[in-house]
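User: Hi! I have a model open and would like to talk through its packing. Can you help me read it?

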Amino acid sequence: MKKNIVLFILFVLPIVAYLFFASGVNSFISLPTITKNIPEVNTWKTLDNKPVALTNKITILGFIGNDVMKHKGNFFNLYEIIYDKYKDFKDFQVVMVMPDGTQSQVEELLKIDIKKLGTHKGWNFVFASPNEITTFYDKLQLVGKLDNTLATPNVFIIDKKRNLRGRKGEDQKGTPEYKEGYNTIFVSELYNKMMDDMKIIIYEYRAALKKNHNATKEL
């Protein structure tokens, strides 16, 4: 009997506690899918001409538009609250979709502003034409729209199978809830809602690795 109690404390309670804190303000243990199988971005240009793919990565996807400096504060919020926590995870990345012609603005952002914060490992910028960006964004099937500079303050969680994940259903109070993205202007939204949902995605990933006997040190 005592042995069973000890085993319960050692193995079951930590899992229950993790699920409790991972779900936080979100009532979902598994984060719902908003849009399945979104397109790839691996044919678009990057600053170093190395392809970036969404497949097999947990991705934070963003659209900054033509005026990079206008959204600099949003970068800082996302960097410090979300990116800094997960930057050392092997299969985590940030992908920002940019219009062609903004390369010099991005280089300045990386060399001066983001450099002050630390590394930008796993933080990628991909460049495409306005038509390509609009077509790609439309395929995400979102309620929110890009503005006339091809920007949105929202960022989106994409899982390893290229599914856009968010909140769809009822919250803990039974109120209908729908969230397709997270507004980088508001620190509270990133810290409370996005952080909460990222914990669930990471938990799903860890559970899948454990199931397949492929757990890595990074996770």
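This is a predicted model: local features need pLDDT of at least 70, side-chain atom pairs count only at pLDDT 80 or more; totals for chains, interfaces and linings use all residues.

User: Which members of the largest nonpolar core touch the most other members?
Analyst: Those are Ile60, Met96, Phe125 and Met194, out of 36 residues. A nonpolar core is a set of buried Ala, Val, Leu, Ile, Met, Phe, Trp, Tyr and Cys residues joined through side-chain atoms within 4.5 Å. Buried means under 20% relative accessible area, exposed over 50%, and partly exposed in between, with a 1.4 Å probe and protein chains only.

User: And which element gives the most to this core?
Analyst: H5 does, with 9 residues. Helix H5 spans 187–211, and among the others supplying at least two residues each are strand S3 (58–64) and helix H2 (72–86). Helices (H or I, at least four residues) and strands (E, at least two) are DSSP runs, numbered from the N terminus. Apart from this core lies another, of 22 residues, including Ile34 and Tyr137.

User: Switching to rings: how many aromatic pairs are there?
Analyst: The count comes to 12. Rings of Phe, Tyr and Trp (its six-membered ring) pair if their centres lie within 6.5 Å; planes under 30 degrees apart count as stacked, over 60 as edge-to-face and the rest as tilted. Phe75 and Phe125 have ring centres 6.1 Å apart and planes at 45°, so that pair is tilted. Phe75 is in helix H2 and Phe125 in strand S5, 50 residues apart, and both are buried.

User: What about Tyr137 and Phe156?
Analyst: Their pair is edge-to-face, at 6.4 Å centre to centre and 65° between the planes. Tyr137 lies in helix H4 and Phe156 in strand S6, so the pair ties together parts 19 residues apart in sequence. Tyr137 has a relative accessible area of 5%, and Phe156 has 0%.

User: Last one: how do S8 and S9 pair?
Analyst: Strands S8 (residues 167–170) and S9 (residues 176–179) pair in the antiparallel sense over 4 bridges; pairing requires that DSSP finds at least two bridges between two strands. They form a hairpin with 5 residues between them, and Gly174 in the turn has a positive phi of about 85°.

Conventions: Residues are numbered from 1 along each chain as its sequence is written. Side-chain values use heavy atoms; hydrogens and water are left out.
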